[in-house]
Amino acid sequence: QCGTGWSIRKTGVGPDPVLRAVNRTSSTDAIINPNGVGFNNVGFEGIEFRGGTGFFCSAGAQSVTFRGCTFRDMKQGITLSGTANDGCVVEDCLFDNSTSTAFAFTGHNLTVRRCVFRRVGNHCMYLDTVDCGLIERNTFTQWAFGRLAIRLNGTEALRPTGAILTQNVVI
């Protein structure tokens, strides 16, 4: 697997680190799974993502953590698609000014807490066939007309089950 057991975090003083596409269009992804391989036990802490999609993985993200990260001026902040995602945590993050869905997830054992979603061009969160999740103490504001703060999706056989939504604020 690509990206096993590593982390990127801010340390010390000085400007916050920013991951962004340089000399590319705004549709370029900052981190994408190469050649269809997944990420395992990977962490991001205090990082700002700008432009394109911040983090995209379609081949399985297991034990991937985002803490204190900012996803600003992007198409999408985090997209974890495919059913092999398991044990992902997103805490204390800001999703600001996404032109599409700020956070999309398919899989198992998701935790999203104390995040702020604002100025989103589609759904703030799109959860597809999540069978175990905790979505708590998040704030949602200024998403697209006719869209949802949190959209739970799934087929008849794979409806989201065990997803707990608690103490979220919708403004």
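Select Phe95 to begin: Phe95 is buried, with a relative accessible area of 0%. This is a predicted model, so everything on the tour is read from predicted coordinates. Now show what surrounds the ring. Leaving out residues up to four places away in sequence, Phe95 touches Phe71, Gly77, Ile78, Val90, Ala102, Phe103, Cys115, Val116, Phe117 and Arg118.

The whole structure holds 11 aromatic pairs. In another of them, Phe49 and Phe71 are stacked, at 4.7 Å centre to centre and 10 degrees between the planes. This pair also links distant parts of the chain, with Phe49 in strand β5 (residues 48–50) and Phe71 in strand β8, 22 residues apart. What is the relative accessible area of Phe49? It is 0%, so Phe49 is buried.

Now widen the selection to Phe44, Phe49, Phe55, Phe66, Phe71, Phe95, Phe103, Phe105, Phe117 and Phe140, which form one aromatic cluster. Which residues touch the most other members of the largest nonpolar core? Phe66, Phe95, Phe103 and Phe117 do, in a core of 35 residues. As background, nonpolar side chains in soluble globular proteins tend to be buried together.

Switch to the cartoon view. The chain has zero helices and 20 strands. Pick strand β10 (residues 86–91) and strand β13 (residues 108–113): they run parallel and are joined by five bridges. Then go on from β13 to strand β16 (residues 133–136), where the pairing is parallel over four bridges. Here Leu110 stands opposite Gly133 in β16.

Most residues other than glycine have a negative phi. Asp73 is not a glycine, yet its phi is positive, at about 55 degrees. Look for Asp73 in strand β8 (residues 70–74), where it is partly exposed at 41% relative accessibility. The other stop is Gln142, whose phi is positive and near 60 degrees. Gln142 sits in strand β17 (residues 139–143) and is partly exposed, with a relative accessible area of 49%.

Zoom out and colour by confidence. The average pLDDT of the chain is 79, and 73% of the residues score at least 70. Over residues 1–5 the pLDDT is below 50, and this stretch has 15 contacts in the model beyond near neighbours in sequence. Residues 20–28 also stay under 50, with nine contacts beyond four places in sequence. Among the elements, strand β2 (residues 18–20) has the lowest mean pLDDT, 49, while strand β14 (residues 116–120) has the highest, 96. Where pLDDT is low, the predicted coordinates should not be read in detail.

Finish with the whole chain selected. Buried residues make up 43% of its 171 residues. Of the contacts with a separation of 6 or more, 47% come from residues 24 or more positions apart.

Technical notes:
Residues are numbered from 1 along each chain as its sequence is written. This is a predicted model: local features need pLDDT of at least 70, side-chain atom pairs count only at pLDDT 80 or more; totals for chains, interfaces and linings use all residues. Side-chain values use heavy atoms; hydrogens and water are left out. A nonpolar core is a set of buried Ala, Val, Leu, Ile, Met, Phe, Trp, Tyr and Cys residues joined through side-chain atoms within 4.5 Å. Buried means under 20% relative accessible area, exposed over 50%, partly exposed in between (1.4 Å probe, protein chains only). Contact means heavy atoms within 4.5 Å. pLDDT is the predictor's confidence in each residue, from 0 to 100. Helices (H or I, at least four residues) and strands (E, at least two) are DSSP runs, numbered from the N terminus. Two strands pair if DSSP finds at least two bridges between them. Rings of Phe, Tyr and Trp (its six-membered ring) pair if their centres lie within 6.5 Å; planes under 30 degrees apart count as stacked, over 60 as edge-to-face and the rest as tilted.
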